[in-house]
Amino acid sequence: MSNKHTRHQHGFNGPRVRDLNRALVLEVIRQEPGIGRADIAAATRLTAATITNIVGGLIGEGAVEESVDREVRATGQPVRSLRIIPDYASTIGLHFDHEFATGVLVDVAGNVIHKARQELSIEDPQAAVDVLAKLYETLYAHRDRVGKLLGVGVSVMGPIDNARGRVCQSAQYPAWREFEFRDALSRHVDHEIHIENNGTAAGLGEYWFGDGRHFGSYLHVFIGNGLGGALLMNRRAVRGLTGNGCEIGHVNAYRDGEPCFCGARGCLETIVSLRGLAHALGVQHIGDVDLSCLDARQRVAFDLWIDRAGADLGRVLASVSNIVDVADVIVNGLLPSGALLRLIDAARDGAAVYEMQGRPGGIALHCGRAESEVSAALGAATVPFYGNLF
Ligand SMILES: [Zn+2]
């Protein structure tokens, strides 16, 4: 039985439909600089009149420019091409995990203007906020190189409480539970702050700055200290009711398994994560070992971990794919690229065993192309764009 909150539906009135069409046209122009109006109409299935209205409005606002090429088609019509004006708008994206914070300044055309990175200690929330504030300052100092800053997106460890602006509700970090994160950060930041689960942020980073746009609908998996997940359907992130959706790392994969960061036990990320790899190699932390220079015992342990983690990841991905009916899965993470590709191969084999047979198309695993060190910060940077433009 649904409660009164979950029954609530959003209608799409006239202006809202116009906004959605405008966002779609702007996105097509962003993804294909130089596209012409006829090709936008073909890509969006909007009428020529609607395209004319929307493009005219975007040009009038200074978001898009149209150039008339000299080539003339057989019809005698000049060929016109459209591009987003990068200076139209910009955002800042911040991300932090257990040890590092990263930040990016990006423009609306998807150019990365500046990157920054700093060490951070997760135990003390206020110290973490101070590091994020310093990164924001560093990035904001480059504001004369971009257009109007629309906001700041922050990728954080979940579970998040977006209504209160609290983050990192994990049992492992009690100091964060009552900490008013958004309020504390807003004392240093003069722009609207958008909080995003780090798994979703990484998935959005892949969409804008990696290969995600080629699929439109996909699962994204990011192997970091934990295991983040994101679901994009028709170009949009599916966040669930509270912004904590697609936590694939906390799917129970091992009955009576090891305790997990989240407070449960047997979660997939207890094995499929850098933390799980460190445990397999017998070290406290993955930074304590050089993966390109393992001793013989660690090499065996590493190979076993690749096989097991890949098989387990594939098994869970097959189940998730069955539930959400998405075939493409993009896997990215902080592993060296050779190791990541081996893990993906093992996951592909694992998924093939467990996927539902007979579904049109089959589950297909791909290696992500977004720069993994900053993909969550990049994804966080896109969130203010969605609120305002896309
Ligand atoms: Zn867990």
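Visitor: Over how many bridges do strand β9 and β10 pair?
Guide: This is a predicted model, in which local features need pLDDT of at least 70, side-chain atom pairs count only at pLDDT 80 or more, and totals for chains, interfaces and linings use all residues. Residues are numbered from 1 along each chain as its sequence is written. Strands (E, at least two residues) and helices (H or I, at least four) are DSSP runs numbered from the N terminus, and two strands pair if DSSP finds at least two bridges between them. β9 (residues 227-233) and β10 are antiparallel, and the bridges joining them number 2.

Visitor: Which residue of β10 is the bridge partner of L232?
Guide: Strands of a sheet pair through backbone hydrogen bonds, either parallel or antiparallel. β9 with β10 is an antiparallel case. Here L232 has as its bridge partner A237.

Visitor: Which strands stand at the edges of the sheet holding β10?
Guide: That sheet is open, with mixed pairing, and its 5 strands run in the order β10-β9-β8-β11-β12. Each edge strand has a single partner, so one side of each lacks a neighbour in the sheet; the two are β10 (236-237) and β12.

Visitor: And β11, which residue there is the bridge partner of H220?
Guide: β11 (residues 328-333) runs parallel to β8 (residues 218-223), with 5 bridges between them. On its other pairing, β11 is parallel to β12 (residues 364-367) over 4 bridges, V331 having C367 as its partner. For H220, the partner in β11 is I330.

Visitor: At what angle does helix α11 run to β12?
Guide: Axes are lines fitted to C-alpha atoms, for helices over the stretch in contact, and angles run from 0 to 180 degrees between N-to-C directions. α11 (residues 337-354) lies across β11 and β12. Its angle to β12 is about 175 degrees.

Visitor: Which residue of β6 stands opposite G93?
Guide: β3 (residues 90-96) and β6 (residues 149-156) are parallel, with 5 bridges. The residue facing G93 is G153.

Visitor: Which residue takes a positive phi in the hairpin of β4 and β5?
Guide: These two strands are antiparallel over 7 bridges, and T102 stands opposite R117 in β5. The hairpin has 4 residues between the strands, and the positive phi, near 95 degrees, belongs to G110.

Visitor: Is I195 buried or exposed?
Guide: I195 is found in strand β7. Two residues touch if their C-beta atoms, placed from the backbone, lie within 7 Å, and, leaving out residues up to four places away in sequence, I195 touches V154, V156, I160, N162, G165, V167 and R182. With 23 other C-beta atoms within 10 Å, I195 is buried.

Visitor: How far apart are the end C-alpha atoms of α8?
Guide: α8 (residues 198-209) is mostly covered, with 12 of its 12 residues buried. The expected span is 1.5 Å times one less than the number of residues, so the 12 residues of α8 should span 16 Å. The end-to-end distance agrees, at 16 Å.

Visitor: At roughly what angle do the axes of α3 and α4 cross?
Guide: Helix α3 (residues 37-44) and helix α4 (residues 48-61) have axes that come within 10 Å. The contact is made by R37, I40 and A41 of α3 and A48, I51 and V55 of α4. The crossing angle is roughly 115 degrees.

Conventions. Buried ≥ 20, exposed ≤ 12 C-beta atoms within 10 Å, placed from the backbone.
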